[in-house]
Amino acid sequence: MFRLQGSRTLAVDLTGDAVKAKNGSMVAYDGRMAFKKMTGGGEGLRGMVTRRLTGEQMAVMEVKGEGTCYFADRASDISLVSLRGEKLHVEASNLLCTDAGLRTGTTFTGLRGGGTGNGLFTTTVEGTGQAAIMSDGSAVALRVCAQYPLFVDPGAYVAHQGSLQQHFQSGVNFRTLMGEGSGESFQIRFEGEGLVYVQPSERNTIGGDL
């Protein structure tokens with residue numbers, strides 16, 4: 001049901017079913033569609049409390065109908081992720097659209113979340129279906145295996161999936177080596193088996209350069 005029109009527009013073919021998408025991301029549609037504003041970042045009372053405490057909130061809408069709906073957000077590049085009973089961890093600002101049947105929530109990520117300035121929690125998407133994530137430039141999926149841990153700049157991190165453990169640690173990055181940093185820099189260390197999605201552009205972060 002999910003397909004890309006170029007690299008920056010997501011087309012979703014609906015046959016009476018529904019998807020959840022970032023509020024305001026619909027750019028066009030044909031057929032008959034109904035739009036309903038929702039509150040994302042977690043489901044149920046627990047999700048509501050978590051959002052209140054952490055600020056990890058997503059303004060999302062449910063789109064249901066028959067036809068094709070097109071989504072985009074600020075000309076961001078879009079990547080499709082297929083889940084088969086797995087859990088995807090993604091920064092809330094990088095999540096564009098998911099199958100309505102996928103469960104969304106929040107999970108504690110320790111200091112890594114604080115390093116990106118998005119709170120200590122990140123958004124999770126779990127189940128079987130498709131999700132569309134956004135990035136500033138074309139995202140790259142980097143595979144992590146047990147023998148080779150992966151180090152990622154917090155500002156370049158988009159999402160990850162698989163059996164991965166993450167640790168927030170001090171280190172040096174390219175900006176520090178070039179003399180553009182001011183103080184100690186931080187990295188995310190991923191260990192285990194899975195995929196990490198990174199973007200070729202860095203957000204302004206707190207933890208990336210303290």
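Me: Let's call a residue buried under 20% relative accessible area, exposed over 50% and partly exposed in between (1.4 Å probe, protein chains only). What makes C97 count as buried?

Reply: C97 has a relative accessibility of 0%. That value is under 20%, so C97 counts as buried. This is a predicted model, where local features need pLDDT of at least 70, side-chain atom pairs count only at pLDDT 80 or more, and totals for chains, interfaces and linings use all residues. Residues are numbered from 1 along each chain as its sequence is written, and side-chain values use heavy atoms, with hydrogens and water left out.

Me: Now for the rings. Why is the pair of Y157 and F190 called stacked?

Reply: The structure holds 2 aromatic pairs, and Y157 with F190 is one of them, at 5.9 Å centre to centre and 20 degrees between the planes. Rings of Phe, Tyr and Trp (its six-membered ring) pair if their centres lie within 6.5 Å, and planes under 30 degrees apart are stacked, over 60 edge-to-face and the rest tilted.

Me: What does the pair of Y157 and F190 tie together?

Reply: Y157 belongs to strand β11 (residues 157-171) and F190 to strand β12 (residues 185-198), so the pair ties together parts 33 residues apart in sequence. (Strands are DSSP runs of E, at least two residues, numbered from the N terminus.) Y157 is buried, with a relative accessible area of 0%, and F190 is buried too, at 0%.

Me: Which residues have the most contacts inside the largest nonpolar core?

Reply: They are L10, V12, V19, V63, F71, L96 and C97, in a core of 16 residues. Such a core joins buried Ala, Val, Leu, Ile, Met, Phe, Trp, Tyr and Cys through side-chain atoms within 4.5 Å. At least two core residues come from each of β2 (9-22), β4 (59-71), β6 (95-99) and β8 (121-135), and β2 gives the largest share, 5 residues. There is also a second, separate core of 13 residues, including V90, V125, I133 and L195.

Terms used. Helix = DSSP H or I, 4+ residues; strand = E, 2+ residues; numbered from the N terminus.
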